[in-house]
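Biologist: I've got a model open and I'd like to learn how to read it. Could you walk me through a few features?

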Amino acid sequence: MGNFLGIDSSTQSMTGLVIDTDTATIIAEVSVNFDDHYAQRYGVSNGVIDLGDGQMHSAPLMWAEALEQLCRQLSASGINLGTVDAIAGSGQQHGTVYLNDQAATTLSGLSAQADLAGQIERIFSRATAPIWMDRSTGEQCRQIEAGVGGRQALLQLTGNTAFERFSGPQIRRFWQTEPDAWERTANISLVSSFVSSLLAGRLVGVDAGDGSGTNLMDIRSRQWSPAALEATAPDLARRLLPVADAAAVVGVVHPFWVERHGFSPDCQVLPFSGDNPSSLIGLGLVQPGQVALSLGTSDTLFACMDQARVSTTGEGALFASPDGTHYMALICFLNGSLAREAVRDRYGLDWAGFAGALARSPAGNGGGLMLPWFAPEIVPHVSAARVIRHGLDEGVVDANVRAVIEAQALSSRIHSEWMGVAINSLNVTGGASTNRDILQIFADVHGCPVQPFETTNAAALGAALRAAHGHARARGAAQEWSAVVAPFTSPPAAMRVEPNTAHRGTYDALLASYRALEAQHAG
Ligand code: ADP
Ligand code: XUL
């Protein structure tokens, strides 16, 4: 029992959340927004560098700067970092960080006399990291599927068909387009394992939760698949550390963090995981059949499962749960917060005005629909941005605001059907989960209660809980996952948003029209 820090390195920000397991409370929660601090220096907008032709990258050096800034902000918020017993974390999934042969020695030799970013500038064989929004690897996806014996073969082996944003296709494209830099690459990390490596002062492996978002891991054995590695790039195996046990402490923090930021020399570091697998834990989904929704930069809907059920349509993803036994089925919509913001800004609203428009407009929007593809969409696959309005006048503010949220909710219902899970309740997280008018529409469309939590940073909370679990296990006092999560994932029922059953028929009818409209325009 003690204090545990969870760090989430996400698309737009880095969040740190500290829990006290003795009192079952969140005692600190701070975020470093990338645009606010680093827009000019790293050329990011919404945390992303758009390199054109579908290449969407970010800057690993920026994440290193943010990690130190996060420590300063945590200390300024009143937390004594010396009380933290263990740290775990999560990263936006799929993003790859390419390191050269100086990385390991540079990380172990960090000096507390200088800042982190300045010392690690030279450890990269590629300055930027492609992230989950990248869609430049269609050709590589087809090549990898062919290389392992076809699409179905890759699906059965790794739990996923090849996705443009997944790490394997990104790695293959890098090898093909930048062979010299590929030769200088000694290690490939994901966002998650890169940040944990900075804390541990040595290279840390990718856990199975994030490893399953690579198209490189055997989903059942939870180890890299030689066939998938072979189909992706030459000599890839020697550039990857073995898949790490998510529950096993990798060591203590490097003295850099002790001397410069006041951590205890005994503070343990665990492998980081992906943000969605970490949210699975942070939302308390440790039993099969439980379902949750994350309304962050991307919107994701995911379920905890005991079987490795795959999406044969190639839309959904399957990940290993960081709890070590279960699986996670997930759908990812790119047009999440950015689409909501596009509508908010188009009509000159703030979030209160946006909520007001939802409250004023009728359920079902009089049949008016929007396909909200403000950017190319992942699910369903839409290759170029387009916004389609059907029975909806672009000039009517309230109807357009309602249309974007109803579209997101209807789409999440349609595209989760493959999971074969009855959705009886939805735990919800992410920045938009504070907006109860948005949650009401998701509750009505799914016909079930939607449960928000005290924190909207479930990924960071899940990481803190993983730190607590790993710390206990290392002391030989391993606890059941249900006991670990329960004190932090049982929010008051008063926060719950109940479905309005009077709208059931309206949304069943709208679902059919939306499905038809989407089928007509997707692709
Ligand atoms: P990520 O972790 O993916 O970077 P977050 O989960 O932190 O993203 O969510 C950030 C987003 O939350 C912002 O981009 C913003 O669009 C959204 N957001 C914040 N407050 C509200 C609100 N009141 N209503 C709707 N959306 C909101
Ligand atoms: C999931 C996905 C996104 C990122 C960023 O497959 O691509 O949800 O993890 O949050």
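Modeller: Helices (H or I, at least four residues) and strands (E, at least two) are DSSP runs, numbered from the N terminus. This is a predicted model, where local features need pLDDT of at least 70, side-chain atom pairs count only at pLDDT 80 or more, and totals for chains, interfaces and linings use all residues. Residues are numbered from 1 along each chain as its sequence is written, and side-chain values use heavy atoms, with hydrogens and water left out.

Biologist: Which residues of H7 are buried?

Modeller: They are Ser-167, Gly-168, Pro-169, Gln-170, Ile-171, Arg-172, Arg-173 and Phe-174. That's eight of the 11 residues in helix H7 (residues 167-177), so the helix is mostly covered. The cover includes S9, H8 and helix H11 (226-232).

Biologist: And is Ala-186 buried or partly exposed?

Modeller: Ala-186 counts as partly exposed, because its relative accessibility is 29%. Look for Ala-186 in the loop between helix H8 (179-183) and strand S9 (187-190). Contact means heavy atoms within 4.5 Å. Beyond neighbours within four places in sequence, Ala-186 touches Leu-99, Asn-100, Asp-101, Arg-238 and Arg-239.

Biologist: How do I describe two packed helices?

Modeller: You give the angle between their axes and the distance between the axes. Axes are lines fitted to C-alpha atoms, for helices over the stretch in contact, and angles run from 0 to 180 degrees between N-to-C directions. Here, helix H16 (residues 397-414) and helix H17 (residues 436-446) have axes that come within 9 Å and cross at roughly 40 degrees. That makes H16 oblique to H17, since under 35 degrees is roughly parallel, over 145 roughly antiparallel, 65 to 115 roughly perpendicular, and the rest oblique. Among the residues making the contact are Ile-405 and Ala-409 of H16, with Ile-441 and Phe-442 of H17.

Biologist: What about sheets?

Modeller: Strands of a sheet pair through backbone hydrogen bonds, either parallel or antiparallel. Two strands pair if DSSP finds at least two bridges between them. In this model six strands form an open sheet, ordered S17-S18-S16-S15-S21-S22, with mixed pairing. At the edges sit strand S17 (317-320) and strand S22 (450-452), each pairing on one side only.

Biologist: How many bridges join S15 to S21?

Modeller: Three, and these strands, S15 (residues 291-295) and S21 (residues 426-429), run parallel. Leu-293 stands opposite Val-428 in S21.

How values were computed:
Chains are lettered from A and ligands numbered from 1 in the order in which they are written. Buried means under 20% relative accessible area, exposed over 50%, partly exposed in between (1.4 Å probe, protein chains only).
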